[in-house]
Amino acid sequence: MRCVIARYPFDLTKNGVLASMKGITPELVTGESVTIGRRRYPVKQVGQVLTRQDPRDFTAAEVVRAMTRLGFTCHTHPDAAPVRVAATPLQTASALLGAAPLDA
């Protein structure tokens, strides 16, 4: 799969990523991470190994996008608050009229 990370094109394959990360010890996960094999790596570390670029040259989102497209499982920050879905206009109107909330 062709992807662009830090304005440079890369041809990545799932097997190529697995081979590149083989034998690499995962750093401490403090932000977004990706599961490769049985290990969980910070996305910046994966991007650094795959592109051989400084981690400051690319964003975590670029690596997450590429890893997701290759079929790897990506995780958000471990302490991130769950995303709250906004109420629809119908739910808002129902709540204003005194109906019980749907998520209760």
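This briefing describes the fold of one protein chain and then looks at some of its residues.

The model is predicted, and its protein chain holds 4 helices and 5 strands. Read from the N terminus, these elements follow one another as β-β-α-β-β-α-α-β-α. The protein chain has 104 residues, of which 28% count as buried. When contacts between residues at least 6 apart in sequence are considered, 49% of them join residues that are at least 24 apart.

**The open sheet**

- An open sheet is formed by 3 strands in the order β4-β3-β5, and the pairing in this sheet is antiparallel.
- Its edge strands are β4 and β5, each of which pairs on one side only, and neighbouring strands of the sheet are turned by 30° against each other on average, with direction ignored.
- Strand β3, covering residues 33-36, pairs with strand β4, covering residues 39-42, in the antiparallel sense and over 4 bridges.
- Within this pairing, Ile36 has Arg39 of β4 as its bridge partner, while Thr35 stands opposite Arg40 in β4.
- The two strands β3 and β4 form a hairpin with 2 residues between them, and in the turn Gly37 has a positive phi of about 70°.
- Strand β3 is also joined by 3 bridges to strand β5, which spans residues 73-75 and runs antiparallel to β3.

**Ser33, a residue of strand β3**

- Ser33 has its place in strand β3, and it counts as buried because its relative accessibility is 0%, where the limit is under 20%.
- The side chain of Ser33 is joined to the side chain of Arg40 by a polar contact of 2.8 Å.
- Beyond its neighbours within four places in sequence, Ser33 is in contact with Arg40, Tyr41, Pro42 and Val43, and also with Thr73, Cys74 and His75.

**Thr51, a residue of helix α2**

- Thr51 is placed in helix α2, which covers residues 43-51, and with a relative accessibility of 9% it counts as buried, because this value is under 20%.
- A polar atom of the Thr51 side chain lies 2.6 Å from the backbone oxygen of Gly47.
- In an α-helix there are 3.6 residues a turn, so residues three or four places apart point the same way.
- If residues up to four places away in sequence are not counted, Thr51 touches Ile5, Phe10 and Phe58.

**Aromatic rings and charges**

- Phe58, which is among the residues touched by Thr51, also has Lys44 lying over its face, at 5.0 Å from the ring centre.
- The charged end of Lys14 sits over the ring of Phe72, at a distance of 5.1 Å from the centre of that ring.

**Helix α4 and the residue after it**

- Helix α4, made up of residues 89-96, is hardly covered, since the count of buried residues among its 8 residues is 0.
- Just after α4 comes Gly98, which takes a positive phi of about 100°.

How values were computed:
Residues are numbered from 1 along each chain as its sequence is written. This is a predicted model: local features need pLDDT of at least 70, side-chain atom pairs count only at pLDDT 80 or more; totals for chains, interfaces and linings use all residues. Side-chain values use heavy atoms; hydrogens and water are left out. Two strands pair if DSSP finds at least two bridges between them. A charge sits over a ring if NZ of Lys or CZ of Arg is within 6 Å of the ring centre and within 35 degrees of the ring normal. Buried means under 20% relative accessible area, exposed over 50%, partly exposed in between (1.4 Å probe, protein chains only). A polar contact is a pair of N or O atoms within 3.5 Å; within protein, one must be able to donate a hydrogen and the other to accept it, and residues adjacent in sequence count only if both atoms are side-chain atoms. Contact means heavy atoms within 4.5 Å. Axes are lines fitted to C-alpha atoms, for helices over the stretch in contact, and angles run from 0 to 180 degrees between N-to-C directions.
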